[in-house]
Each structure stands twice: as structure tokens, then as C-alpha cells.
Amino acid sequence: MTLAALILALVTVQRLGELILSRYNTARLLARGAIEIAPGHYPLIVATHAAWLIALWAWGRNHDVNFVALSVFILLQVFRLWVLTTLGPRWTTRIIVLPDAPMVTSGPYRYLSHPNYAIVVAEIAVLPLALHLYLLALVFTVLNALVLGIRIRAETRALATVRERRP
């Protein structure tokens with residue numbers, strides 16, 4: 001197994017684990033009265049990220065690794081963990097709003113409205129760069145930007161609705 005394949009295997013396991021955690025958290029939130037907002041775009045997000053991983057496996061599994069870009073990707077995983085631990089049981093891959101819960105304003109949310117999306121934008125570009133897949137980094141950065149445009153608008157509307165309901 002090449003180093004690139006090992007990295008891709010770890011990223012794939014990480015993403016699958018996150019999907020399991022997301023599904024668990026989503027079910028618990030919905031049971032507490034949360035609502036899902038704009039579910040129609042979710043398959044597009046899943047398809048984009050799955051295609052990104054498949055493309056990395058198809059073209060990058062035997063490539064040499066750029067250790068500078070890999071170091072940046074590893075640092076991004078630290079920030080990703082910070083987001084996940086800050087949101088705790090409220091972290092999901094869907095837009096789930098718990099109407100009576102306060103907004104999260106701690107951790108990275110003190111500095112950015114959407115820190116998870118900033119991390120994802122960087123990851124989508126950096127991992128292909130770590131495998132010398134420059135065109136793949138460009139293509140998926142553009143695709144991800146289009147999908148995130150839809151996602152962030154939907155999430156911003158959902159959070160604004162929750163803020164309006166508060167006294």
C-alpha cells in the first residue's frame with residue numbers, strides 16, 4: 001500500500017465515521033423537536049463529496065505525497081475536530097435547527113459564522129494538492145463553491161428564522 005492510498009483510506013474512514021455520527025446526532029435532535037431545513041440540496045452535497053473521494057482514489061492512490069500540503073491537511077483536521085467538539089451532539093451534515101436551543105457562539109464560532117465550511121473549502125483543495133492533482137483541486141473547489149453557495153444561503157435563512165422566534 002502506498003502512502004497516498006493509506007492517507008485516502010484514513011480520510012475515507014474518517015468521512016464514513018462522520019456520516020454515522022451525523023446520522024446519530026440527527027436522529028437525537030429530531031427526537032427533541034428539531035427540524036430539518038432545506039433537505040433537497042443534501043444529496044448534491046453527498047454526491048459532490050463522494051465524487052471528490054472517488055476521484056482522489058482513482059487518480060491519486062499511487063501518487064507521491066507533497067508533505068507540506070499534507071501537513072496543512074492534518075492541521076485542518078485539528079480545526080475540524082475543534083468544530084465537532086464545539087457543536088457536540090448538535091453537529092450534523094444536514095441543516096438541523098433546534099428552535100429553543102441557544103446559538104453556538106463558542107470555539108471557532110467566536111471567529112467565523114461557518115467555520116466548518118471554511119475547513120471543507122480548504123480540505124477540498126489541499127488534499128488533491130498533497131497528491132499533485134492540481135486540476136482535481138481546481139474542479140472540486142469550483143463544484144464545492146457552487147454547492148456551498150446553496151447550503152450557506154439555506155443555513156443562514158434557517159438560523160435567521162430561529163433568531164426571529166426568540167424574545
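**The pocket and some buried residues**

The largest pocket has a lining of 44 residues, and nearest its centre are Thr92, Thr93, Asn116, Tyr117 and Arg151. Before going on: this is a predicted model, where local features need pLDDT of at least 70, side-chain atom pairs count only at pLDDT 80 or more, and totals for chains, interfaces and linings use all residues. Residues are numbered from 1 along each chain as its sequence is written, and side-chain values use heavy atoms, with hydrogens and water left out.

On terms, a pocket is an open set of points on a 1 Å grid over the protein atoms alone, where a 1.4 Å probe fits, with protein on both sides within 12 Å along at least five of seven lines; lining residues have an atom within 4 Å of a point. The space in this one comes to about 1100 Å³, a volume being the space filled by probe spheres set on the points, which are joined across faces, edges and corners.

Who supplies the lining? At least two residues each come from α1 (3–31), α2 (42–60), α3 (67–87), β2 (96–97), α4 (115–130) and α5 (134–165). Helices (H or I, at least four residues) and strands (E, at least two) are DSSP runs, numbered from the N terminus. The largest share, 9 residues, is from α5.

Next, α2. Its 19 residues should span 27 Å at 1.5 Å a residue, and the end C-alpha atoms are 26 Å apart, which agrees; the expected span is 1.5 Å times one less than the number of residues. Buried residues in α2 include Thr48, Trp52 and Leu56, where buried means under 20% relative accessible area, exposed over 50%, and partly exposed in between (1.4 Å probe, protein chains only).

Thr48 counts as buried because its relative accessibility is 9%. Beyond its neighbours within four places in sequence, Thr48 is in contact (heavy atoms within 4.5 Å) with Phe140, Leu143, Asn144 and Val147.

Now to His114, in the loop between β2 and α4. Is His114 buried or exposed? At 18% relative accessibility, His114 counts as buried. Its side chain makes a polar contact with the side chain of Glu155, at 3.3 Å. A polar contact is a pair of N or O atoms within 3.5 Å; within protein, one must be able to donate a hydrogen and the other to accept it, and residues adjacent in sequence count only if both atoms are side-chain atoms.

Last, Ala4 in helix α1 is buried, at 0% relative accessibility.
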